[in-house]
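Dear colleague,

I am handing over a structure that will be new to you, and the notes on what was found in it follow directly below.

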Amino acid sequence: MNELTRRDEMALSGAALRGAPWKAAGVTGALVAGVDVLFDLIGGGVDLSWSVGMGIGLFTLIAAIGSVARPDRGDRVTQKARAWALRHPWRFSLYPAAGTAILLYPVQLVLDGEGVFGAAWDAAWGGALVYLITGLLTLAVRGRAPSPR
C-alpha cells in the first residue's frame, strides 16, 4: 500500500475544505468578535487581540467542520477528500490548525504587542486548540464517511 506524503495529506485536506461554508464561517467569526468587543466596551476594557483571535478560531472551526459534515456534497474529488478527512481526522485537523496559527500570529504581534516569540507562542496555542477541537468534532461526524470504493 502506498503511503501518503505530508504534501499529499495537505493537498487532501485542502481539497476537503473546498466548498466549506466560508460565508457562514466568516459571518460567525466576525459577529462573535464584534459581540465580544461590545461586551468588553460595556465591561470597561477592550482586549482587541482576544476578540479577533476568538473570531479567527471560530472562523476556521466552522469552515473545517462544515466541510466534512456533509461528505456527500461536491464533486467526486471533493467527496473522496472529505471521506479521507473523516477517516484521518487528526491529519485533516493539521491544516485548519496551521491556518489558524498563521492568521493569529500577526494579530498577536500587532494588537497584543508581545514581541516575535510571544506572538508565536500564543498563535501556536491557538492553533493547538483548533487542532484538538477540529479533531474531536471530526471524530464525532466520522460515522457519515462513505465506504471506500
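Helix 3 contributes the most to the lining of the largest pocket, with seven residues. Here helices are DSSP runs of H or I with at least four residues, numbered from the N terminus. This is a predicted model, in which local features need pLDDT of at least 70 and side-chain atom pairs count only at pLDDT 80 or more, while totals for chains, interfaces and linings use all residues. Residues are numbered from 1 along each chain as its sequence is written, and side-chain values use heavy atoms, with hydrogens and water left out.

The largest pocket holds about 390 Å³ of space (on a 1 Å grid over the protein atoms alone, a pocket is an open set of points where a 1.4 Å probe fits, with protein on both sides within 12 Å along at least five of seven lines, and lining residues have an atom within 4 Å of a point; the volume is the space filled by probe spheres set on the points, which are joined across faces, edges and corners). Of its 18 lining residues, Trp50, Gly53, Met54, Gly126 and Leu129 are the closest to the centre.

Elsewhere, helix 1 (residues 6-17) packs against helix 4 (residues 76-87) at an angle of about 115°, with their axes 8 Å apart (axes are lines fitted to C-alpha atoms over the stretch in contact, and angles run from 0 to 180 degrees between N-to-C directions). Helix 1 is therefore roughly perpendicular to helix 4, a term that covers 65 to 115 degrees. In this contact (heavy atoms within 4.5 Å), Glu9, Leu12, Ser13, Ala15 and Ala16 of helix 1 meet Thr78, Ala81, Arg82, Trp84 and Ala85 of helix 4.

With kind regards

Conventions. Helices (H or I, at least four residues) and strands (E, at least two) are DSSP runs, numbered from the N terminus. Angles under 35 degrees count as roughly parallel, over 145 as roughly antiparallel, 65 to 115 as roughly perpendicular and the rest as oblique.
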